[in-house]
Every structure is written in C-alpha cells, then in structure tokens.
Amino acid sequence: MDAFYASVEQRDNPELRGKPVAVGYPEARGVIAAASYEARKFGVHSAMPSITAKRKCPDLIFVPHRFDVYRAVSQQIREIFAQYTPLIEPLSLDEAYLDVTENLKGIELATVIAEEIRAKIKAETNLTASAGISYNKFLAKMASDQRKPDGLFVITPKNGPAFVETLPVKKFHGVGPATAEKMHKIGIETGADLKARDLAYLQQHFGKAGPYFYWIARGIDEREVKPDRPRKSIGAEDTFREDIHDFATARAALQPLMDKVWRYCEANGFRGKTVTLKVKYSDFVQITRSRTISMPIISPAEIAEIVALLLSPMFPLTKGIRLLGITLSSLETTEQGHEPQLDLGI
C-alpha cells in the first residue's frame, strides 16, 4: 500500500487531500508513524522525530493514529488477496508476499493478477497500491519500491542479476542503516561490490546474515512464501514527553505496556518464556535486559515480577530515561500442551 496510514487519513478527511500529512503526535518526543507523499517531498518519513519533521516541513499537518481503522482496511485487502491465492505472507498491515504460481483463477501472467488486485483495492477501499513482481521474494520486494506510488514493476529472471548489481546496498531489503554503514566501511557500495566478496568473507563480517547477502547479490532467494509464519515476539514501547529519573515512575510507565502485551497474548492464545526490557536513555544510548524462565508465563503478575527484577538494578540512574519497552518472546500457543492456569485476580 502507498503511504498507507496517511492515505487512509486523507481518504477519510477530504480537507487533508493534497496536503503534507503525518500520522503521529507533534510533541517534542513524538515520532512519525507514516507520512503522505506530499510530506515526503520535504524529506519527512516514518520513524522520524516529529520535531525534525516539523522543521523540514513547517506546514506539516499531524493527525493521531487510528490503528483499528487501519486493521479493518488491511483485512479488506487480505480478503482480495485470498480470491487469488491462499499463499499470503503478511509483513505488516500494509504489505504482503503472494505466491501466484498456481493461483485460484488459473491466470497465466502474474502481471495480470497484480493489475486486477490493484484495481480491486482501488475500487473497494479508494486507496492505491504498488506491486513488485519477480521470481523470488527479495526481488519482488525490491521491485515493489520502483514505481511508487500507484505503480507496478517487473524483474524477470533474465534481468534479475543485473538489477541487483546496480542497486546500492543501502536499498537492499534486509540491510539496515547500521549494516549499510558497515558495508560502506569495507568498500561495499553496490550489489556488484557485494557479489565480488566470497561467502567466507561475508560470513566473517556479517555472521549468520553472510549467506543471505551472498545469495541475494546473485539474485538468488530460495525462501518460500509462508502463509502461517509463526510469530516470534510481542512487544510494546513508549517514548515519554519528559525523561524519567526514578524507579517508581519507570515502573508505573511500564504498566500500560505490560497490559498491552498481555492483552494481545490473551486474545491470540500466546504464552512466552522470555521477557526483554528495553531502555533508551536521554543521550539515545539504548540497552536491553532479558530473563528466560523454564515454563511459559501464565499471568500478568509474572511479567510484572520479571520486569521489576530487570529494572531495579539500573537504579539509581546517572541519566534520564526517554523510552521504555517490553517484549515477550520464546512464544508458544496455549494449544501446545501448556494449558494456562486460571488467574482470578483476587
């Protein structure tokens, strides 16, 4: 989907159309969740601090997020996908891989399927989508970014290797800013530079990611589209308007995050064994602390107890805390043989 959250807001509020819009809050500690294409022209993008976005685009209009609406629209779009293939692997609310090799309508060309899906999305949601078509997941993802917004791009088996060679590594899916910087320091700027390094060299510098980089540099990605990809973690975090300096305030700030994580677990039948606490200080230094127990956590009180054990050694503080986060991982479902005990809350 094209600028999904911002596009939904512009669709539902005609006064926002054609104007630079950011989904998020304008406070000094706010962060942009999505930016319209009008805002992107000024360099505004998701995950940017609101204060920076406002500096780049003084006329930027901030609107609060409405995730319930975005989820509902996302479900509409998934239902369109399901008319063509059961092999749908969601990446987020606004993006998914589809394997249409053997599709439900017997359509021979993937480009025809993509155009039909895009047209149905436009007709049913009044929103635009871009499509990338290729012979593997990596190249399909790369193709999807080539003709945004409202476009379609195809990378054929004949053109795949050459396309990768000319692409800057910072644009590779799976290469974040830190990895791109590391690559630049050792002389890897493009796909061709990456392809020139052998497997042993890439494993030495990038560990487990080395083989992935080795093969995608050659246009090869054997990963299948997995419709039932297991969820690995559940998390929530919050950036505070003012820095936190004492344990009691930090503990209170973590409560709604723990509640959010537990609600998701309850609603979806998940239990986890590992609790991770994330702390970002006022100087943007970030740390994490984790604790794993032998049996799945069966109550919110257990999460709270573990979080308190992880949090307390950090005090007294030498600098304020600007962000706290909680993640529950090592997940399994309640159907996996660990029937949760009833927590009566008495």
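Is the crossing of α4 and α5 left-handed or right-handed? In this predicted model, α4 and α5 cross in the right-handed sense. Two packed helices are described by the angle between their axes and the distance between the axes. Here the helices are α4, residues 67-81, and α5, residues 110-125; their axes come within 10 Å and cross at roughly 145°.

The contact itself is made by Val73, Gln76, Ile77, Ile80 and Phe81 on the α4 side, which meet Ile117, Lys120, Ile121, Glu124 and Thr125 of α5. By type, the residues of this contact are six nonpolar, two polar and two charged.

The largest nonpolar core has 32 residues, and the members that touch the most others are Leu254, Leu277, Val279, Met314 and Leu324. At least two residues of this core come from each of β8 (233-244), α12 (247-268), β10 (274-281), α13 (300-311) and β12 (321-329). The biggest contribution is that of α12, with eight residues. Leaving aside residues up to four places away in sequence, Leu254 touches Leu277, Val307, Leu311, Leu324 and Ile326. Another core, of 24 residues, lies apart from this one and includes Tyr5, Val8, Ile77 and Tyr84. Ile77 is also one of the α4 residues that meet α5.

One annotated position remains. An unreviewed UniProt entry places the feature "binding site" at Asp94. Asp94 sits in the loop between β4 (88-92) and β5 (95-98). Asp94 counts as partly exposed because its relative accessibility is 26%, which falls between the cut-offs of 20% for buried and 50% for exposed. Beyond residues up to four places away in sequence, Asp94 touches Met1 and Phe4.

Conventions. Residues numbered from 1 in each chain as written. Predicted model: local features only at pLDDT ≥ 70, side-chain atom pairs only at ≥ 80, totals over all residues. Heavy atoms only, no water. Core = buried A, V, L, I, M, F, W, Y, C linked by side-chain atoms within 4.5 Å. Buried < 20%, exposed > 50% of the residue type's maximum accessible area, 1.4 Å probe, protein only. Helix = DSSP H or I, 4+ residues; strand = E, 2+ residues; numbered from the N terminus. Contact = heavy atoms within 4.5 Å. UniProt positions renumbered as here; feature names shortened; annotations may be inferred. Axes fitted to C-alpha atoms, helices over the stretch in contact; angles between N-to-C directions. Left-handed = near helix turned anticlockwise from the far one by under 90°. Nonpolar A, V, L, I, M, F, W, Y, C, P; charged D, E, K, R; others polar.
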